[in-house]
Amino acid sequence: MSVPELNIEEQVQNILNNILDQLRLLYQQFMENDVNHMQIYSKIDGLKSVVEDSKYKLGEYIIKVKEGIETASLYLDILNYIEKVSQNLSAVSYRYTVLQSKIKIEDKIIQSLLISMIEKLIAATSNALESFRLLSLNTRKSAEKARNIIKIEEEVDDLYRNFELKLFEKESELAFMMLTKDIGDRLEDCADLLRDTANNILYISYLRE
């Protein structure tokens with residue numbers, strides 16, 4: 001394993017830590033009644049800007065050193081996936097802020113399903129972080145963590161199906177339906193992107209065995 005690969009994986013871990021911070025803030029936004037939603041959104045959006053900036057800097061570095069790294073394209077794909085996760089989380093926070101400040105319609109079952117999806121995303125991102133950390137130490141354990149992410153994505157799919165069912169059963173105004181559906185869609189998309197990240201980690205781990 002080369003020094004550039006170690007550098008890349010360390011930087012990806014830093015980006016994933018920022019995404020984990022976004023998810024924790026989002027969880028707080030959904031869980032707590034007495035929060036300043038716009039303030040939390042600003043923090044989440046600020047972290048999104050950090051992720052985007054880090055992604056471009058690391059992408060530039062990968063392009064420069066890619067001749068000596070057979071997994072360069074896999075790293076670049078991972079960067080694209082996790083950047084989209086970060087962007088989705090910012091969009092979810094903004095839409096939830098609008099829901100809470102403008103529409104103020106609540107449904108405890110739908111809220112609970114969305115919170116469960118966020119909890120699963122926290123678990124998936126934590127596994128991604130640990131999987132990257134282990135790539136340079138123990139590829140088999142790294143692969144195990146990556147497979148955990150794939151299982152979690154399946155669990156998010158189940159939650160999403162329940163969410164859709166409950167949302168369409170409810171007779172609500174159009175604005176609530178549209179914003180809430182978009183929140184669920186983006187959370188489910190985050191799970192898919194983390195699954196794609198996990199698949200790429202598995203490919204990298206297989207190449208190192």
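Two residues are in contact when heavy atoms of theirs lie within 4.5 Å. The model discussed here is predicted.

**Around Lys 55**

By that definition, and leaving aside neighbours within four places in sequence, Lys 55 is in contact with Ile 15, Leu 79, Asn 80 and Glu 83. Lys 55 belongs to helix α2, which covers residues 37–65. Over the face of which residue does Lys 55 lie? That residue is Tyr 56, and the distance from the ring centre is 4.4 Å. Lys 55 has a relative accessible area of 13%, and because buried means under 20%, Lys 55 is buried.

**Helix α5**

Helix α5 runs over residues 139–169 and has 31 residues. At 1.5 Å a residue the helix should span 45 Å, and its end C-alpha atoms are 46 Å apart, so the two values agree. At the start of α5, Asn 138 places a side-chain oxygen within 3.2 Å of the backbone nitrogen of Arg 140.

The structure contains three aromatic pairs. One of them joins Tyr 160 and Phe 163; this pair is tilted, with 5.9 Å from centre to centre and 35° between the planes. Tyr 160 and Phe 163 are three residues apart in helix α5, which means that about one helical turn separates them. An α-helix has 3.6 residues a turn, so residues three or four places apart point the same way.

Are Tyr 160 and Phe 163 buried or exposed? Tyr 160 is buried, and Phe 163 is buried as well.

| Residue | Relative accessible area | State |
|---|---|---|
| Lys 55 | 13% | buried |
| Tyr 160 | 11% | buried |
| Phe 163 | 0% | buried |

**The chain as a whole**

How many helices and strands does the protein chain have? There are six helices and zero strands, and the pattern along the sequence is α-α-α-α-α-α. The radius of gyration is 18 Å, close to the 17 Å that the globule rule gives for 209 residues, so the protein chain is as compact as a globular protein of that length. Along the principal axes, its C-alpha atoms fill a box of roughly 55 × 30 × 25 Å.

Of the 209 residues in the protein chain, 48% count as buried. Among contacts in the chain with a separation of 6 or more, 83% are between residues 24 or more positions apart.

Notes. Residues numbered from 1 in each chain as written. Predicted model: local features only at pLDDT ≥ 70, side-chain atom pairs only at ≥ 80, totals over all residues. Heavy atoms only, no water. Helix = DSSP H or I, 4+ residues; strand = E, 2+ residues; numbered from the N terminus. Expected span 1.5 Å × (residues − 1). Polar contact = N/O pair within 3.5 Å; in protein donor to acceptor, adjacent residues only side chain to side chain. Phe/Tyr/Trp six-rings, centres within 6.5 Å; stacked < 30°, edge-to-face > 60°. Buried < 20%, exposed > 50% of the residue type's maximum accessible area, 1.4 Å probe, protein only. Lys NZ or Arg CZ within 6 Å of the ring centre and 35° of its normal. Rg over C-alpha atoms; globule rule 2.2 N^0.38 Å.
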